[in-house]
Amino acid sequence: KCLRIFETYTNMCSVSVQEQANRCNNPWILKYIQNMPDRHSFATLESEIGACVVLAAPGMLQSGASRELFEAWAPEKKNGIIVTGYSVGGTLAHELKGDPESVTLNDGRKVNVKATVKFMSFSAHSDYNQTSEFIRRLKANVVVLVHGEEHEMNRMRNKLREEYPELNVTAPQNCQTVALRVPPDRSFDAVGSIAEELQSVKKGRTEVSGLLVEDSTGVRALMKPEELGTFTALKACKVEQCQRFVFPQSLAALGRALLEIYDEVSVDGNALQVCEAVEVTLENQILSITWDSSPVNDMVADSVAFTAIELTRSPNMVTALQGQDVDKEEEQIFKVLCTYLQQEYGRLAVDDAKKLISFEVDGSHVSVNFPLRSVECTDQALREGVTKALRRCERSLRPIATIG
């Protein structure tokens, strides 16, 4: 049966075999070797075949073709039996090592052994030195011994423990369960700018943020998301989501409500920026909430939408957030803000009608649009400082809303 494999993969054989096949001469048609006829009819064909050598399995003669041939040939002195490989105690092959005159089969029949019996070491198993060398090269830390006689396996186990004291060697009994705990491989190759970042960091524990990519062969690489297209065939993309619904209130009212939840709520033109992740615009009483999808951004966007819906369902919330006299309250907050900024940064240019404030600090111009709660300045640190001052003044003077 195995010849079919060789016939199929002749191109993987030696050059001489391939050349023979190319000359239309099948190298697998053997003159002196052929498949054994059906063993049930072999006895009747034996006289026609004449002298022959039969390779039969199993090697321990416990059953099958080898057992039937042994029973038929053992009583004849002209026959010979060669047992190759290892034989386990309790098997017929192992019993023949004692050179008995006869053997008793499992069914009680006795078979005289007059044929010549020889044992030849023809095992495909490795010996101790080969096994030890294999373990050393493999650098294994756990070895499980199987497929062997119990006494010999225990001897090998003890010998391996002597040679490799830190090696975990076990020789389980038949049907005994062995659980192997294999630690996961968390290794990866850092590539691109993140590799340079790791090299610049001093030795010691540090945290880096990147994208871990594993290909079909199991090779993993850590890189910056923006370098995904450079080191892989993949392309990075982002999903922008947008919710739109009718919102009868003002954008300023929504901004005040969001300030009760988040610290980072700013005005950018005619839009609200929440946590630098979600943009909120209002046009023709249609509220648009836009954000780049991510677990955190999705959560912020959901809270913005929920707050807007609550303001739509409960107009009393708007009144509670604004207070009873909105204009008077806004005027008071604006005056306090002007006083605070004048004390902090010096002379101000104030437009009371439009509630606009402008001033300069070390050559940097600052513009404050109080109705929109926006601050414009090229100096980022200065802009953030003025924005914090605006929030502090508003939170200090605006009463805490009690909604019940």
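**View 1. Helices H6 and H7 are oblique to each other in this predicted model.** The axes of helix H6 (residues 128–138) and helix H7 (residues 150–163) come within 12 Å and cross at roughly 45°. Axes are lines fitted to C-alpha atoms, for helices over the stretch in contact, and angles run from 0 to 180 degrees between N-to-C directions. Under 35 degrees counts as roughly parallel, over 145 as roughly antiparallel, 65 to 115 as roughly perpendicular, and the rest as oblique. Helices (H or I, at least four residues) and strands (E, at least two) are DSSP runs, numbered from the N terminus. H6 contributes Tyr128, Thr131, Ser132 and Ile135 to the contact, and H7 contributes Met156, Lys159, Leu160 and Glu163; contact means heavy atoms within 4.5 Å.

Residues are numbered from 1 along each chain as its sequence is written. Local features need pLDDT of at least 70, side-chain atom pairs count only at pLDDT 80 or more, totals for chains, interfaces and linings use all residues, and side-chain values use heavy atoms, with hydrogens and water left out.

**View 2. Strand E9 pairs with E7 and with E8.** Two strands pair if DSSP finds at least two bridges between them. Strand E7 (residues 189–190) runs parallel to E9 and is joined to E9 by 2 bridges; Asp189 has Ala221 as its bridge partner in E9. Strand E8 (residues 211–214) is antiparallel to E9, with 4 bridges, and Leu212 has Leu222 as its bridge partner in E9. The hairpin of E8 and E9 has 5 residues between the strands, and Gly218 there takes a positive phi near 90°.

**View 3. The side chains of strand E9 (residues 220–223) point two ways.** Arg220 and Leu222 point one way, Ala221 and Met223 the other, and all are buried (under 20% relative accessible area, with exposed over 50% and partly exposed in between; 1.4 Å probe, protein chains only). In a regular strand the side chains alternate between the two faces of the sheet.

**View 4. An open sheet of 5 strands has the order E10-E14-E13-E12-E11.** The pairing is antiparallel. Strand E10 (240–246) and strand E11 (265–268) are the edge strands, each pairing on one side only. The twist averages 20° from one strand to the next. E10 and strand E14 (residues 286–292) are joined by 7 bridges, and Phe245 has Leu287 as its bridge partner in E14. Helix H11 (residues 295–313) packs on the sheet, touching E10, E12, E13 and E14, and its direction makes about 170° with that of E14.
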